[in-house]
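Reader: I would like to go through this structure step by step. Please show it first, and then I will ask about its parts.

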There are 2 protein chains.
Amino acid sequence: MSSITLIGTGNMARAIGTLAVAGGNTVEVMGRDQSKADALAEVLGGGTTTGKWGAVPAGDIVITAVLYAGVVPVVAEYGDALAGKVIVDISNPFNATFDGLAHSEPTSIAQEVAKIAPAGASVVKAFNTIFRSVLEQGRPDVFFAGDNPQAKADVAAFIESLGLRPLDVGGLKMAHWLEGAGVLTVGLAGNGIGHGNFAMGVSEFTD
Amino acid sequence: MSSITLIGTGNMARAIGTLAVAGGNTVEVMGRDQSKADALAEVLGGGTTTGKWGAVPAGDIVITAVLYAGVVPVVAEYGDALAGKVIVDISNPFNATFDGLAHSEPTSIAQEVAKIAPAGASVVKAFNTIFRSVLEQGRPDVFFAGDNPQAKADVAAFIESLGLRPLDVGGLKMAHWLEGAGVLTVGLAGNGIGHGNFAMGVSEFTD
C-alpha cells in the first residue's frame with residue numbers, strides 16, 4: 001500500500017481520496033484553507049490526517065489536486081518541502097473553449113512542474129483523462145507518463161490499489177498527449193458519446 | 001452502404017478494403033502503380049474495381065491510404081478530381097523517434113489537407129489510432145473528427161458498415177489530438193501494453 005498526500009480539497013481530491021482509503025492506503029490532506037482540509041479528512045475517514053499547507057507532506061506520493069493554473073505555483077510554493085517526493089499532476093489545462101490546451105507550445109503542466117521541482121522529486125502525469133464522476137462509479141483505465149521508472153512503479157502500484165488498471169504511455173513528454181487525450185475526452189462527451197459516464201481506455205484483442 | 005475509393009495499395013488499404021467489401025460497400029482502388037491496384041482489387045474481390053491514378057474517384061468517400069508525407073502531395077496532385085468528395089485522412093505523422101508528431105505546430109495532416117482540398121470537398125480524420133493488425137482481427141472503436149456534419153455522418157455510416165463503432169470527437173482541429181492519440185498508442189505498445197493487439201477506445205459506465 002502507498003502513502004499519499006492530496007494537496008487540494010476539491011472534487012478530484014475527494015474522489016481519489018475515497019478510492020485511496022478504500023484501497024488501504026495512508027492518506028493525508030493539505031489545503032490552503034485548513035478547515036476544508038479538516039472537513040475532507042473527516043469525510044474520507046480511514047485514519048486520514050491533515051498536514052499544514054506548505055509543510056513537508058507525509059505521503060511519498062503527492063497528488064496536486066488543484067486547478068491546472070495552480071499546479072506550478074503550488075509546487076513552487078512548496079519548494080524543497082517536496083524534495084524526494086513523487087509528484088502526480090492530474091490537471092487538464094484546457095483552453096477557454098475546451099477544444100485545445102491553454103499552452104500553445106508542445107508542453108504540459110507535468111513537464112512545467114518538472115522544470116521547477118526540487119532535487120530528487122519525480123513527476124508523473126496521471127488520472128487527467130478521467131472525469132471525476134467516472135472515478136466515483138466506474139473502473140476506468142488510468143494512463144500515466146513519467147521519466148523516473150521507480151516513481152512510475154510507485155504510481156502504478158497506487159493505481160492498482162484503487163482497483164484500476166495503470167497504463168504506462170512512456171516518458172514525461174507524453175504528458176502533452178495525455179493532456180490532448182483530455183481534450184478528446186471532452187470532445188467525445190460533447191459529440192460522440194453525449195454524456196460523461198465514460199472514459200478512454202484500452203481494449204485488447206487476441207487472434 | 002457506401003461507395004469508397006482507396007488511394008493507395010498498401011497494408012492499410014488492404015485492411016480497410018477487406019472490411020469494406022465484407023460490409024457490402026462498393027470499393028474502388030487507385031494506385032500510382034496500376035499493377036498493384038489491380039492486384040489489390042483482385043485480393044479484395046466483391047466486385048472491387050480500379051481507377052486510373054489521378055482520375056475522378058468513383059467513390060463518394062475517398063480514403064488516402066498512403067504514408068503521411070504523401071497525403072498532402074497526393075491530394076494536391078488529384079486537385080479538382082476530388083471536388084465534392086469526402087476525403088478521409090488516416091495518417092499518423094510520427095516524428096523519427098515515434099514519440100511525437102512530425103509537425104511542431106498544433107496542426108494535423110487532415111487540417112493541412114483541408115487547406116488545399118478543392119471546392120466542395122470535406123476532410124475527415126479517422127482510423128489513425130488503430131494498428132493495421134487490429135483492424136484485421138478486432139473490433140476497435142474508430143475515432144473521427146471533421147467540420148462538415150454531412151461528411152461526418154457519411155463516414156460514421158461507413159465505419160458502422162465495417163462492424164465498428166464510430167466515435168465523433170468534434171471538429172477538424174481535433175485531428176491534431178487524434179494524431180496525438182496515435183502517438184499515445186505507440187507509447188502504450190512500447191510501455192504499458194507490450195504488444196500491438198489493442199486499441200484505444202471508450203468504456204461506458206452506468207450508475
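**Strands, sheets and the contact between chains**

Author: A starting point in this predicted model is Ile63(A), whose bridge partner in E5(A) is Val88(A).

Reader: How many bridges join strand E4 of chain A to strand E5 of chain A?

Author: Strands of a sheet pair through backbone hydrogen bonds, either parallel or antiparallel. Strand E4 of chain A covers residues 61-64 and strand E5 of chain A covers residues 86-89, and the two run parallel. The number of bridges joining them is 4.

Reader: Which strands stand at the edges of the sheet in chain A?

Author: The open sheet of chain A has 8 strands with mixed pairing, in the order E3-E2-E1-E4-E5-E6-E7-E8. An edge strand here has a single partner strand, so one side of it is left without a neighbour in the sheet. In chain A the strands at the edges are E3 (49-50) and E8.

Reader: In chain B, which residue stands opposite Glu28(B) in E3(B)?

Author: Chain B has an open sheet of 8 strands with the order E3-E2-E1-E4-E5-E6-E7-E8, and E3 (49-50) is one of its edge strands, pairing on one side only. Strand E2 of chain B (residues 26-30) runs parallel to E3(B), and 2 bridges join them. Opposite Glu28(B) stands Thr49(B).

Reader: Which residue meets Lys152(A) in a salt bridge?

Author: Side chains of opposite charge can pair when their charged atoms come close. The partner of Lys152(A) has its O 2.9 Å from the N. Lys152(A) lies in helix H6 (residues 149-161) of chain A and its partner in strand E8 (residues 165-168) of chain A, so the pair ties together parts that are 16 residues apart in sequence. That partner is Asp168(A).

Reader: What is the area buried between chain B and chain A?

Author: The contact takes 40 residues from chain B and 40 residues from chain A. In chain B, Trp177(B), Leu184(B) and Phe205(B) lose the most area to chain A, together 24% of what that side buries. Carbon and sulfur atoms give 65% of the buried area, which is about 3300 Å².

Reader: Which residue forms a salt bridge with Asp99(A) across the contact?

Author: Between chain B and chain A the count is 2 salt bridges. In one of them, the closest N and O atoms are 3.5 Å apart, and the partner of Asp99(A) is Lys173(B).

Reader: Which element gives the largest share of the side of chain B that touches chain A?

Author: Helix H5 (132-137), strand E8 (165-170), helix H7 (175-190) and strand E9 (198-204) of chain B each supply at least two residues of that side. The largest share, 9 residues, comes from H7(B).

How values were computed: Residues numbered from 1 in each chain as written. Chains lettered and ligands numbered in written order. Predicted model: local features only at pLDDT ≥ 70, side-chain atom pairs only at ≥ 80, totals over all residues. Heavy atoms only, no water. Contact = heavy atoms within 4.5 Å. Buried area = accessible area lost by both parts, 1.4 Å probe. Salt bridge = Lys/Arg side-chain N within 4 Å of Asp/Glu carboxyl O. Pairing = 2+ DSSP bridges.
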